[in-house]
Amino acid sequence: MMDISPEQARTLAAIVTHGSFDAAAAHLSVTPSAISQRIRALEAAVGRPVLTRARPAGLTESGQAVVRFARQLELLSADLAEELRPEEPHGRTRLALVINSDSLHTWALAGLAAVAGRVQLEILREDQDYSLGLLRSGAAAAAITTTAEAAPGCTSRRLGVMRYLPVCTPGFAARWFSGGASAATLAAAPVIVFDRKDDLQDRYLRWVSRTALNAPRHYIPAAHEFGEAIRWGMGWGLLPEIEVSEELQRGTMTALDPAAHVDVPLHWQQWRHGSAALDEVAAAIRAAARPLR
């Protein structure tokens, strides 16, 4: 049976959080030598390295599992303290969540607001296609992701589908797409892209042209400003249907192709051994996700 002490796990988590053995020692009020001894004992128990010796220190796959254990232990300890001594004041549970910008901008905050009085939240913004890395590393307790298959040590539950529509202003459409949004016109028209991880616009371009189109592009890495760039006529782009549907009805925005869309499935993944606070946040997120398809 593998014998990993909570002290060793917390020490590894402190090294990752604070960036070095010395900083972890200062945080834990022990000597750097004690930190080294704990990590050596931990690696002996695990049977393999848990850290990459670099600056800042990185985690191996085994190290990620140990840090998840340390974070989960913190949550379970908070639950236990509240259950055993409910009459005593307890600090609010701290939870780090990975949520993509579009979900934050359109629907997720309603769910988070419902539990904000009972937990302390740290929101880590990451593209839904890349969010699982933070979950695996132990940096976050839960994530909104496009991946249905549960990460190691996690559970996965479907939230729904965010539908994105290719849109622009009527003036932009008149200038660039007077004959329709064809492969030729899309190759020439400026497009708005969130950042270099954002593949949504290129998915639509590949669907239209059946090949990659190197259209001129502006990178706008913020959800509100991304939409505003389209509204200012800087280019066309894909916006969530739940954000832009009323503007399409009013005619202040127009769809490049009324039949075209890109669907992005969303899933909620969280640590399997979480806490009552994490389960409460998960329930609030699921309730807020009901408008999704």
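1. Let's start with Asn 100, which sits in the loop between β3 and α5 (101-115); helices (H or I, at least four residues) and strands (E, at least two) are DSSP runs, numbered from the N terminus. The model is a predicted one, in which local features need pLDDT of at least 70, side-chain atom pairs count only at pLDDT 80 or more, and totals for chains, interfaces and linings use all residues. Residues are numbered from 1 along each chain as its sequence is written, and side-chain values use heavy atoms, with hydrogens and water left out.

2. Is Asn 100 buried or exposed? Asn 100 is buried, its relative accessible area being 1% (buried means under 20% relative accessible area, exposed over 50%, partly exposed in between, with a 1.4 Å probe and protein chains only). Its side chain makes a polar contact of 2.9 Å with the side chain of Ser 103. By polar contact I mean a pair of N or O atoms within 3.5 Å; within protein, one must be able to donate a hydrogen and the other to accept it, and residues adjacent in sequence count only if both atoms are side-chain atoms. Setting aside neighbours within four places in sequence, Asn 100 is in contact (heavy atoms within 4.5 Å) with Glu 126, Asp 127, Gln 128 and Ile 144.

3. Another loop to look at is the one between α5 and β4, where Ala 116 is placed. Ala 116 counts as partly exposed, because its relative accessibility is 37%.

4. Strands β5 (residues 142-145) and β11 run antiparallel and are joined by four bridges; two strands pair if DSSP finds at least two bridges between them. In this pairing, Ala 142 stands opposite Gln 270. Strand β6 (residues 154-168) also runs antiparallel to β11, with 10 bridges joining them, and Cys 154 has Trp 271 as its bridge partner in β11.

5. Within β11 you will find His 267, which counts as buried at 10% relative accessibility. Not counting residues up to four places away in sequence, His 267 touches a list of residues including Ala 143, Ile 144, Thr 145, Ser 156 and Arg 157.

6. Now to the largest pocket, which holds about 710 Å³ of space. Of the 30 residues lining it, the closest to its centre are Thr 17, Arg 71, Glu 74, Arg 94 and Ala 96. A pocket is found on a 1 Å grid over the protein atoms alone, as an open set of points where a 1.4 Å probe fits, with protein on both sides within 12 Å along at least five of seven lines; lining residues have an atom within 4 Å of a point. Grid points are joined across faces, edges and corners, and the volume is the space filled by probe spheres set on the points.

7. Which element supplies the largest share of that lining? The answer is α1, with six residues. At least two lining residues come from each of α1 (6-18), α2 (21-28), α4 (61-84), β3 (93-99) and β4 (119-125). The lining divides into 16 nonpolar, eight polar and six charged residues (Ala, Val, Leu, Ile, Met, Phe, Trp, Tyr, Cys and Pro count as nonpolar, Asp, Glu, Lys and Arg as charged, and the others, Gly among them, as polar).

8. Finally, the overall picture. The protein has 12 helices and 11 strands, and 46% of its 293 residues are buried.
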